[in-house]
Amino acid sequence: MRHFIDIADLTKEEIEGLITLAEDIMRHPDGYAQICRGKKLATLFFEPSTRTRLSFEAAMLDLGGAVLGFSQADSSSVAKGESVSDTIRTVCYYADIIAIRHPKEGAPLLASQRSSVPVINAGDGGHNHPTQTLADLLTIHREKGRLGNLTIGLCGDLKFGRTVHSLITAMSCYEGVKFILISPEELRLPGYVRHGVLAGKNVEWVETRDLECALPELDILYMTRVQKERFFNEADYIRLKDSFILDQDKLKNTKPDLSILHPLPRVNEISVKVDDDPRACYFKQVEYGKFIRMALIMMLLEVQK
Amino acid sequence: MNIDGVTNGIVIDHIAAGRSMEIYHYLKLEKLDSCVAIIKNVRSTKYGKKDIIKIDEIIDVDLDVLGYLDPHITVNIVRDGKVMKKMNLEPPRELKNILKCKNPRCITTTEQEIDQIFRLVNEETCSYRCVYCEALAKGGD
Ligand SMILES: [Zn+2]
């Protein structure tokens, strides 16, 4: 039995296998519509995230399975409530697979240690959100037809942006990938990712504070939200949050086939006027997210077509 | 090596000068009934100054704790006044319930009955990370 807690739990080949499977599901959804019949997915959301929960539930329903679960509106009740261990031991009797989201870092790993069914990390605090990374990879593959030989700009909060770290980890396995890290000084990519992941894999990367200058070179632009809760004082937040905003003006000098990604939800870092631009891929990302979750559920349940 | 005064017991040698008390506490030696001697600032040809702990009983010393605190420490088992076994240490791959995760967002801070597990991530710097939240805990010196 396998779990999916961290993007590093999958090899490059397994990720590619999931992408291939997801693309086949997209082409022939009818062939998969009953494949998980009789199986149940439990979505245990100790912290609300409607978007992610709906994506998991839609994925299971489209495979012919059923869903059950809960979503706690107030994550502060977690501390008082039942432990993760006890919840998991109980839910294992009802479900064939579990997707867990929890405000505490490492809760999904703990869940996997206690579970007799596969566990998927649907986000643990600011730590990991590996199914988002799978969705990002599928989006890049759909848009570009490849995962190598790409120049990827990562913009915004590179310090706390967990999806940025795991996307870098996953993409740095490919030949010809170049990262352009665009962030304010305060939100630079942490040293352990720069030296651990990037230096270790011999990947080309540069850091800049200037989004506009970086844009013409990019094949992919991955925008992230600058979150208010990351700052200790309001003034720093206000000063920084607007410095990395993408609007139509900045998009004048890009490659025509630039793909703009964003893990969503956004605040104002991408102007809504960009939404109708063919380069905007962030809503397609949501759609791809469901298909890659379908592929992941199939893999962990060991069901095959 | 000076094992005077120990007939059957353990001599923990090459402790960095000044750290013997810390090791005394980590190994919970205060719970022992037998004679324990802490010798501080012993002149050493190799290290300048060092501390030594002598225990007048052969106990199970947690080598993982020592290896984590300082892999330069050596542990000698003494029987009948002779060194029977000399053990060199290395930083352990995993530390179980030795360190506590200090990250307030970590699941180990709220969940009851969870083992505190840290894994060695860099042998050169002897750094450990919490397996749950990956927060760094720095080991050794
Ligand atoms: Zn931790």
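The side chains of Arg142(A) and Glu23(A) form a salt bridge, 3.7 Å from N to O. The term means a side-chain nitrogen of Lys or Arg within 4 Å of a carboxyl oxygen of Asp or Glu. The model is predicted: local features need pLDDT of at least 70, side-chain atom pairs count only at pLDDT 80 or more, and totals for chains, interfaces and linings use all residues. Residues are numbered from 1 along each chain as its sequence is written, chains are lettered from A and ligands numbered from 1 in the order written, and side-chain values use heavy atoms, leaving out hydrogens and water.

Now the domains. Chain A is assigned domain 1 (7-129 + 289-301) and domain 2 (130-285); such bounds come from an automatic or database domain assignment. Their C-alpha centres lie 25 Å apart. Domain 1 of chain A brings 27 residues to the contact and domain 2 of chain A brings 22, where contact means heavy atoms within 4.5 Å.

How much area do the two domains bury between them? About 2,100 Å², with 65% of it on carbon and sulfur atoms. Buried area is the accessible area (1.4 Å probe) that two parts lose on being put together, summed over both.

Between domain 1 of chain A and domain 2 of chain A, the count is one salt bridge. On the domain 1 side that touches domain 2, the elements giving two or more residues are α1 (12-27), α2 (50-62), β4 (119-124) and α10 (282-301) of chain A. Helices (H or I, at least four residues) and strands (E, at least two) are DSSP runs, numbered from the N terminus. α1(A) gives the most to that side, with eight residues.
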